[in-house]
Amino acid sequence: MNSSGKNKMSFELDFKGGKIWCEHLDSMGSHEDEVIEKFQKDSVTFFRPSISSFMIISLQNTVLTPKIAECISDTIIGGKKRFMRISFHGVEYANRKILKKIKKQCNTIIGFHSDFEKAKKWVLD
């Protein structure tokens, strides 16, 4: 299994006059604990008030287990920041349901995209 995404840095991206937090959890294969650890570590940064409330969470080539989806949802729902829009990149249709609870509980607009460029445009629309 591949965990080459473990060392990918998440960052804030300047895009078309706005900023987007790009959470890179992609290319981590089936390394569930590493994905959760990276997301929780990065949450310290993306919950800062100075970081954009627009986000892309890339999960391309990462197995989205129920435990990972629950961690992402619970972390965002339990945080002290309201995100305006979140695009999930690379999430299979069957795995989207649990992530939709973010919309229900936080009133955040959620989208799912297979193309990262389209995700960037959608997030700032």
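Biologist: Which residues does Ser58 touch, if residues up to four places away in sequence are not counted?

Modeller: Ser58 touches Glu23, His24, Leu25, Asp26, His89 and Phe116 on that count, where a contact means heavy atoms within 4.5 Å. Before going further, please keep in mind that this is a predicted model, in which local features need pLDDT of at least 70 and side-chain atom pairs count only at pLDDT 80 or more, while totals for chains, interfaces and linings use all residues. Residues are numbered from 1 along each chain as its sequence is written, and side-chain values use heavy atoms, with hydrogens and water left out.

Ser58 belongs to strand E3, residues 54–58; helices (H or I, at least four residues) and strands (E, at least two) are DSSP runs numbered from the N terminus. With a relative accessibility of 2%, Ser58 counts as buried, a word that stands for under 20% relative accessible area, against over 50% for exposed and partly exposed in between, using a 1.4 Å probe and protein chains only.

One of the contacts of Ser58 is His89, which lies in strand E4, residues 85–89. E3 and E4 run parallel and are joined by five bridges, two strands being called paired if DSSP finds at least two bridges between them; within this pair, Phe54 stands opposite Arg85 of E4. E4 itself is mostly covered, since five of its five residues are buried. In a regular strand the side chains alternate between the two faces of the sheet. In E4, Arg85, Ser87 and His89 point one way, whereas Ile86 and Phe88 point the other way, and all of them are buried. His89, at 8% relative accessibility, is counted as buried, and its contacts, again leaving out residues up to four places away in sequence, are Ile56, Ile57, Ser58, Leu59, Gln60, His113, Ser114, Asp115 and Phe116.

Phe39 sits in helix H1, residues 32–46, and is buried, with a relative accessible area of 1%.

Strand E2, residues 18–24, pairs with strand E1, residues 11–15, in the antiparallel sense over five bridges. In this pairing, Cys22 of E2 is the bridge partner of Phe11. The hairpin of E1 and E2 has two residues between the strands, and Lys16 there takes a positive phi near 45 degrees.

To place this part in the whole, the chain has four helices and five strands, which run β-β-α-β-α-β-α-β-α from the N terminus on. Buried residues make up 48% of its 125 residues, and of the contacts in the chain with a separation of 6 or more, 72% are between residues 24 or more positions apart. For 125 residues a compact globule would have a radius of gyration near 14 Å, and the 13 Å of the chain agrees with this; the radius is taken over C-alpha atoms, and the globule rule is 2.2 Å times the number of residues to the power 0.38. The C-alpha trace spans about 40 × 25 × 25 Å along its principal axes.
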